[in-house]
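Subject: Structure handover

Hello,

Here is the structure I promised to pass on. Please open it next to this email and follow along.

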Amino acid sequence: SMENKQSPPGSRTFGYCRVSTFHQNTDRQEELLLLRGISPDFLFLEKASGKTVNDRPILKSLEDHILREGDTLVVESWSRLSRNSSDLLRLVDSFQKRNICLISVKENFDTSGPTGSLMFGILALLVQFERELLLERQRSGIEKARLEKKYKGRKPVLRPANFEDCLLRYQKERIYSMKDFMIETKLKRST
């Protein structure tokens with residue numbers, strides 16, 4: 001629940017508002033967070049549609065440099081914080097590990113209590129389920145394409161002439177690293 005809890009001494013409460021385009025405004029979100037008692041000085045506004053936290057510099061700065069143990073971040077809804085469930089899970093997990101509380105007003109989500117921990121666990125399961133469904137659809141699509149002779153798989157990479165020599169050096173010499181091997185053979189790690 002989102003009842004007012006006593007914050008630890010020195011803790012701070014921040015608000016984060018985001019809209020996807022410069023044509024939109026954050027007024028509605030700002031008003032909601034200000035009514036919840038967040039100081040205008042602690043309200044962060046962002047106009048970015050980035051898919052990940054790295055595409056949203058203000059949120060990234062909050063996460064990396066401003067928020068500290070015991071602080072609280074309040075958002076109007078999860079959709080203001082993240083564009084997908086796995087990004088949201090990573091963010092919530094990062095906050096939990098650092099003892100930072102996250103409150104989402106619309107979803108009535110507060111990570112500071114046992115209900116928040118339960119919701120976080122459910123979110124983690126949903127992200128895992130979503131990932132497994134995606135992989136299953138991908139495998140199904142590849143199999144269908146194979147049956148229709150449209151999918152050939154990855155093209156084979158020819159071994160460079162110096163491959164065997166470099167492999168022997170890598171296996172025998174402790175100072176000859178995988179990086180050295182890749183540079184000399186001009187192969188990529190994924191190969």
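Below is what I found, going from the whole chain down to single residues.

**The whole chain**

Keep in mind that this is a predicted model. The protein chain has seven helices and five strands. Along the sequence, they come in the order β-α-β-α-β-α-α-β-β-α-α-α. The radius of gyration is 24 Å, well over the 16 Å that the globule rule gives for 191 residues, so the chain is more spread out than a compact globule. Along the principal axes, the C-alpha atoms fill a box of roughly 70 × 50 × 40 Å.

How much of the chain is buried? Buried residues make up 33% of the 191 residues. The chain exposes about 13100 Å². Carbon and sulfur atoms supply 55% of that area. Residues 24 or more positions apart account for 64% of them.

**Salt bridges**

How many salt bridges does a search of the whole structure find? The count is eleven. Here are some of them.

Start with Arg12 and Asp71. Their closest N and O atoms are 2.7 Å apart. This pair links distant parts of the chain, 59 residues apart. Arg12 sits in the segment before strand E1 (13-19). Asp71 sits in the loop between helix H2 (57-66) and strand E3 (72-75). Are these two residues buried or exposed? Arg12 has a relative accessible area of 19%, under the 20% cut-off, so Arg12 counts as buried. Asp71 is buried too, with a value of 0%.

Next, look inside helix H2. The side chains of Lys60 and Asp64 meet in a salt bridge, 3.0 Å from N to O. Why can they face each other? An α-helix has 3.6 residues a turn, so residues three or four places apart point the same way. Lys60 and Asp64 are four residues apart in H2, which means about one helical turn separates them. Lys60 is partly exposed at 29% relative accessible area. Asp64 is partly exposed as well, at 38%.

Then go to Glu184 and Arg169. They form a salt bridge with closest N and O atoms 3.2 Å apart. Glu184 is in helix H7 (residues 178-185), and Arg169 is in helix H6 (residues 163-172). The two are 15 residues apart in the chain. Glu184 is partly exposed, with a relative accessible area of 36%. Arg169 is partly exposed, with 33%.

There is also a network. Salt bridges that share partners join Arg56, Glu63, Asp87 and Arg90.

**Helix H7**

Stay with H7 for a moment. Which of its residues are buried? They are Phe181, Met182 and Thr185. Seen down the axis of H7, these residues fall within an arc of 95°, so they line one face of the helix. What covers them includes H6. The face turned away from the buried side carries the exposed residues Lys179 and Ile183. Just after H7, Lys186 takes a positive phi of about 60°.

First, Ser77. Ser77 lies in the loop between E3 and helix H3 (78-81). Its relative accessible area is 1%, so Ser77 counts as buried. The Ser77 side chain makes a polar contact with the side chain of Ser79, at 2.7 Å. What does Ser77 touch, leaving out residues up to four places away in sequence? Its contacts are Ser104, Lys106 and Glu107.

Second, Phe109. Phe109 is found in strand E5 (residues 109-110). With 2% relative accessibility, Phe109 counts as buried. Now find Met119. Phe109 and Met119 are ten residues apart in sequence. In space, they are 7.7 Å apart, C-alpha to C-alpha.

**Where to begin**

Then turn to H7 and pick out Phe181, Met182 and Thr185 on its buried side.

Best wishes

Technical notes
Residues are numbered from 1 along each chain as its sequence is written. This is a predicted model: local features need pLDDT of at least 70, side-chain atom pairs count only at pLDDT 80 or more; totals for chains, interfaces and linings use all residues. Side-chain values use heavy atoms; hydrogens and water are left out. A salt bridge is a side-chain nitrogen of Lys or Arg within 4 Å of a carboxyl oxygen of Asp or Glu. Buried means under 20% relative accessible area, exposed over 50%, partly exposed in between (1.4 Å probe, protein chains only). A polar contact is a pair of N or O atoms within 3.5 Å; within protein, one must be able to donate a hydrogen and the other to accept it, and residues adjacent in sequence count only if both atoms are side-chain atoms. Contact means heavy atoms within 4.5 Å. The radius of gyration is taken over C-alpha atoms; the globule rule is 2.2 Å times the number of residues to the power 0.38. Accessible areas come from the Shrake-Rupley method with a 1.4 Å probe; for residues, only the protein chains shown count as cover. The arc is that of the directions from the helix axis to the C-beta atoms.
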